[in-house]
Amino acid sequence: MKFTNPKLVINGISTEMDERILRRHFSAYGEVKHVVVDVKKAIAFVTFVDPSKAQISLQQQHIILGRKVEVRPAKPKVEIGKRKIFVGGLPRSITDEEFKGYFEKFGSIVDAVVIHDKETKRSRGFGFVTYEAEESANLVLRTNFHLLNNKRVEVKKVTPRQEMVPTGFGFPPYYYDPYYQTYFYVVWVPIPGFY
């Protein structure tokens, strides 16, 4: 089978490993198109012009500046909008395992997460499920409400940014939260006597 992914992820980089050093190291395997370094996360991405050169470099052990780094194929970006659903009204006591267990009945899951408050660590009452197949998400969405731990929860499709429509007030109907890396509905509540 032909190797088609030209992008690699490099884990365990040191603070001294910058774009120039990584480019020089991986250029020994072939022409490098892009190098992106995130020192805070100790991770980098290297994209080759030719995917076969990425495959060759995967077969080698990599020691850069005297440090062994882990090199593996980067997961290609895929459009998840049609495979991702929002689940609202979750019971506060629900665990990640219970949440995932329920939605696994509809198909193979890539990711299932209950969103927790950063400080209290308590559930915020909603979560997200991403399926491997769009058909699984559609199966869940056939019903607006599901019974989870004896509580009725609502499911909705997550709308990608490209498909968002302005509301007419200059704002989209959703907003993007960089912490949770997802979109949320904006609900406009009129204040009596304000308008």
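The chain folds into 4 helices and 12 strands.

**Overall figures**

Of the 195 residues, 36% count as buried. The accessible surface is about 12900 Å², and carbon and sulfur atoms make up 53% of it. Among contacts with a separation of 6 or more, 59% link residues 24 or more positions apart.

Look next at the join between β2 and β3. These strands run antiparallel and share 6 bridges. There, H34 stands opposite T47 in β3. T47 sits in strand β3, which spans residues 43–48.

Why does T47 count as buried? Its relative accessibility is 13%, and the cut-off for buried is under 20%. Leaving aside residues up to four places away in sequence, T47 touches P6, K7, V32, K33 and H34. H34 is therefore both a contact of T47 and the residue opposite T47, which is buried because its relative accessibility is 13%.

**Sheet with β6 to β10**

A further open sheet also has 5 strands, ordered β7-β8-β6-β10-β9 with antiparallel pairing. The edge strands here are β7 and β9, and each pairs on one side only. The twist averages 25° from one strand to the next. Strands β9 and β10 run antiparallel and are joined by 4 bridges. L147 has R152 in β10 as its bridge partner.

R124 lies in strand β8 of this sheet. Is R124 buried or partly exposed? R124 counts as partly exposed, because its relative accessibility is 37%. R92 is 32 residues from R124 along the chain, yet their C-alpha atoms are separated by 7.2 Å.

**Helices α3 and α4**

Two helices lie across strands of this sheet. Helix α3 lies across β6, β7, β8, β9 and β10, at about 140° to β7. Helix α4 lies across β6, β8, β9 and β10, at about 135° to β10.

Each helix has a set of buried residues. In α3 they are F99, Y102 and F103. These residues are on the same side of α3, because they cover an arc of only 90° around the axis. In α4 the buried residues are S136, A137 and V140. They too share one side of α4, because their arc around the axis is only 100°.

| α3 (96–103) | F99, Y102, F103 | 90° |

For α4, the partners are β6 (84–88), α3 (96–103), β8 (123–131), β9 (145–148) and β10 (151–157).

**Confidence in the model**

The mean pLDDT of the chain is 81, and 76% of the residues reach 70 or more. Which elements have the highest and lowest mean pLDDT? Helix α1 (residues 19–26) has the highest, at 95. Strand β11 (residues 174–177) has the lowest, at 48.

Over residues 162–181 the pLDDT is below 50. Beyond near neighbours in sequence, that stretch has 40 contacts in the model. The pLDDT is also below 50 over residues 185–195. This stretch has 12 contacts beyond near neighbours in sequence. Where pLDDT is low, the predicted coordinates should not be read in detail.

Technical notes: Residues numbered from 1 in each chain as written. Predicted model: local features only at pLDDT ≥ 70, side-chain atom pairs only at ≥ 80, totals over all residues. Heavy atoms only, no water. Buried < 20%, exposed > 50% of the residue type's maximum accessible area, 1.4 Å probe, protein only. Contact = heavy atoms within 4.5 Å. Areas by Shrake-Rupley, 256 points an atom, 1.4 Å probe, with all protein chains shown as cover. pLDDT = per-residue confidence, 0-100. Arc of directions from axis to C-beta. Pairing = 2+ DSSP bridges. Axes fitted to C-alpha atoms, helices over the stretch in contact; angles between N-to-C directions.
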